[in-house]
Amino acid sequence: MLDFIRAATPWVLIGLSLAVFFAGNANRKPDEKPRGNFGSVGMCIGMCIGTASGSALWNNTGLGISMGMLVGLVIGSCIKKETDDDA
């Protein structure tokens with residue numbers, strides 16, 4: 001049973017992350033300018049957390065990095081910037 005959970009967890013997380021990512025952009029009007037978000041910052045933080053958790057918990061750093069980046073991108077994309085200034 002534990003092997004099944006370990007095999008299915010990445011696929012479930014990927015599906016949930018993609019659902020949240022696409023649902024966040026679904027309510028935007030076609031002529032509306034997209035607002036900035038913290039997707040890249042979330043990916044960086046997610047990569048750091050994924051590296052640490054992948055090597056400490058699952059003994060698979062590559063899986064931890066990729067899952068951390070995906071989850072970080074989704075969480076960062078849900079947080080909108082107040083202004084579009086990049087500086």
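This is a predicted model: local features need pLDDT of at least 70, side-chain atom pairs count only at pLDDT 80 or more; totals for chains, interfaces and linings use all residues.
View 1. Residues are numbered from 1 along each chain as its sequence is written, and side-chain values use heavy atoms, with hydrogens and water left out. Averaged over the protein chain, pLDDT is 80, and 85% of the residues score at least 70.

View 2. You'll find three helices and zero strands here; helices (H or I, at least four residues) and strands (E, at least two) are DSSP runs, numbered from the N terminus. Of the 87 residues, 17% are buried, where buried means under 20% relative accessible area, exposed means over 50%, and partly exposed is in between (1.4 Å probe, protein chains only). The chain's accessible surface is about 6500 Å², and carbon and sulfur atoms own 68% of that; the areas come from the Shrake-Rupley method with a 1.4 Å probe, and for residues only the protein chains shown count as cover. Take the contacts (heavy atoms within 4.5 Å) between residues at least 6 apart in sequence: 71% of them join residues at least 24 apart.

**View 3. Helix H3 carries a set of buried residues.** H3 has 18 residues and reaches 26 Å from its first C-alpha to its last, close to the 26 Å expected at 1.5 Å a residue; the expected span is 1.5 Å times one less than the number of residues. Its buried residues are Gly64, Met67, Gly68, Gly72, Val74, Gly76 and Ser77.

**View 4. Val74 and Ser77, two buried residues of H3.** Val74 counts as buried because its relative accessible area is 8%. Leaving out residues up to four places away in sequence, Val74 touches Ser17, Val20 and Phe21. Its C-alpha is 9.8 Å from that of Gly46, which is 28 residues away in sequence. Ser77 is buried too, at 11% relative accessibility. Beyond its neighbours within four places in sequence, Ser77 is in contact with Phe21, Asn37, Phe38 and Gly39.

**View 5. Gly42 sits in helix H2.** Gly42 counts as buried because its relative accessibility is 12%. Skip the neighbours within four places in sequence, and Gly42 is in contact with Gly72, Leu73 and Gly76. From Gly42 to Gly68 it's 9.1 Å, C-alpha to C-alpha, with the pair 26 residues apart in sequence.

**View 6. Trp11, an exposed residue in helix H1.** Trp11 counts as exposed because its relative accessible area is 65%. Its C-alpha lies 9.8 Å from that of Met67, 56 residues apart along the chain.

**View 7. A nonpolar surface patch of about 540 Å².** Phe38, Val41, Ile45, Ile49, Ile75 and Ile79 make up the patch. Patch residues have over 30% relative accessible area and no salt bridge; like charges are joined within 9 Å, nonpolar side chains (Val, Leu, Ile, Met, Phe, Trp, Tyr) within 5 Å. A salt bridge is a side-chain nitrogen of Lys or Arg within 4 Å of a carboxyl oxygen of Asp or Glu. Helix H2 (residues 39-58) gives the most, with three residues. Ile79 is in the segment after helix H3 (61-78), and at 45% relative accessibility Ile79 counts as partly exposed.

Technical notes
pLDDT is the predictor's confidence in each residue, from 0 to 100.
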